[in-house]
Amino acid sequence: MSEISNNNEYIPRAERRNKDGLTEKEFLEQYNPGHYERPSVTVDMLLFGMSRDLKCLKVLLIKRNNHPYIDCYALPGGFVNITESAYTAACRELEEETGLKDIYMEQLYTMSQPDRDPRMRVIDIAYMTLIPIDGIKPQAGDDASEALWFDITFNDEILTFANKEKNITIKYSLKEKIFKNGCISVKSYIPELISYEALAFDHAQIILEGLMRLRNKTQYSDVAFNLMHKEFTLPDLQRVYEIILGKQLYKTSFKRSINDKIKAVNKKGVSITGNKLSELYVYSNDSQE
């Protein structure tokens with residue numbers, strides 16, 4: 001790209017000068033990054049899966065083995081290296097701390113409260129992943145002492161994380177907050193700890209944001225199919241939608257709403273929710289091709 005001088009002559013970008021008479025090369029040669037404080041950047045991965053009995057959503061948490069928040073559970077994550085993109089760092093940290101790789105992730109939220117990390121100013125980029133958890137056995141590594149799946153109980157008043165095998169329960173009350181965004185009012189929730197155990201940093205807020213995003217996105221996209229196995233029954237698919245949306249759905253209406261997103265495979269399987277033989281389906285994205 002070039003600019004036009006006062007006498008209508010084109011000036012290449014490399015030759016353009018600022019108010020101090022410097023070209024870009026001259027400006028960069030004398031530029032001192034130390035004039036500005038620079039925050040560190042981290043990534044966290046929010047992994048959602050469905051319980052095998054399709055009774056609740058689960059979230060993968062790791063147990064920190066170092067300060068700050070030693071022995072507290074947290075989302076898998078870590079610092080972004082200077083040569084990495086945030087996405088590359090998220091993939092690396094996920095594999096280091098859980099052994100998982102080659103799975104879908106979408107950017108969820110940027111957490112930037114100045115006091116969110118007691119060590120220093122840290123901006124966090126959170127990613128959300130939806131996966132079927134059968135057959136996945138995450139193994140802790142790097143700065144995590146263990147990785148566990150926690151059951152999520154979620155409504156407008158309480159957010160609970162529980163692992164029955166380890167007898168761990170982490171509970172938050174949800175405080176409603178209304179804020180203005182332009183000319184509209186937006187309702188949000190702030191988690192406040194009401195149990196002895198707590199999640200590290202602001203990870204309860206990240207998970208809450210993920211739950212709200214998932215609930216909203218399920219109403220207009222096919223994102224919930226990421227939680228299903230390749231073949232599934234309609235009762236099981238409906239149950240997954242009900243858990244995400246937090247309400248019961250009418251069978252006929254639900255079938256009509258997803259009819260163009262599924263394809264029968266001409267065989268039957270046992271439904272988890274009803275323990276009965278039902279027609280098996282696969283996700284079909286023919287309408288998007």
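Which residue forms a salt bridge with Asp151, and how far apart are the closest N and O atoms? The answer is in View 1. This is a predicted model, so local features need pLDDT of at least 70 and side-chain atom pairs count only at pLDDT 80 or more, while totals for chains, interfaces and linings use all residues. Numbering runs from 1 along each chain as its sequence is written, and side-chain values use heavy atoms, with hydrogens and water left out.

**View 1. Asp151 pairs with Lys58 in a salt bridge.** The closest N and O atoms are 2.5 Å apart (a salt bridge is a side-chain nitrogen of Lys or Arg within 4 Å of a carboxyl oxygen of Asp or Glu). Asp151 sits in strand β9 and Lys58 in strand β4 (residues 57–64), 93 residues apart (strands are DSSP E runs of at least two residues, helices H or I runs of at least four, numbered from the N terminus). Asp151 counts as buried at 19% relative accessibility, and Lys58 does at 15% (buried is under 20% relative accessible area, exposed over 50%, partly exposed in between, with a 1.4 Å probe and protein chains only).

**View 2. The second largest pocket has a volume of about 380 Å³.** Among its 19 lining residues, Arg52, Lys58, Trp149, Asp151 and Glu165 come closest to the centre. A pocket here is an open set of points on a 1 Å grid over the protein atoms alone, where a 1.4 Å probe fits, with protein on both sides within 12 Å along at least five of seven lines; lining residues have an atom within 4 Å of a point. Points are joined across faces, edges and corners, and the volume is the space filled by probe spheres set on them.

**View 3. The largest pocket holds about 530 Å³ of space.** Its lining has 19 residues, with Tyr109, Ser188, Ile190, Gln205 and Glu209 closest to the centre. β12 supplies the largest share, six residues.

**View 4. Glu209, in helix α3, is buried without a salt bridge.** The nearest side chain of opposite charge is Arg213, 7.3 Å away (Lys and Arg count as positive, Asp and Glu as negative; His and chain ends are not counted). Beyond neighbours within four places in sequence, Glu209 is in contact with Leu108 and Tyr109 (heavy atoms within 4.5 Å).

**View 5. Lys217 and Glu106 form a salt bridge.** Their closest N and O atoms are 2.9 Å apart. Lys217 is in helix α3 and Glu106 in strand β7, so the pair ties together parts 111 residues apart in sequence.
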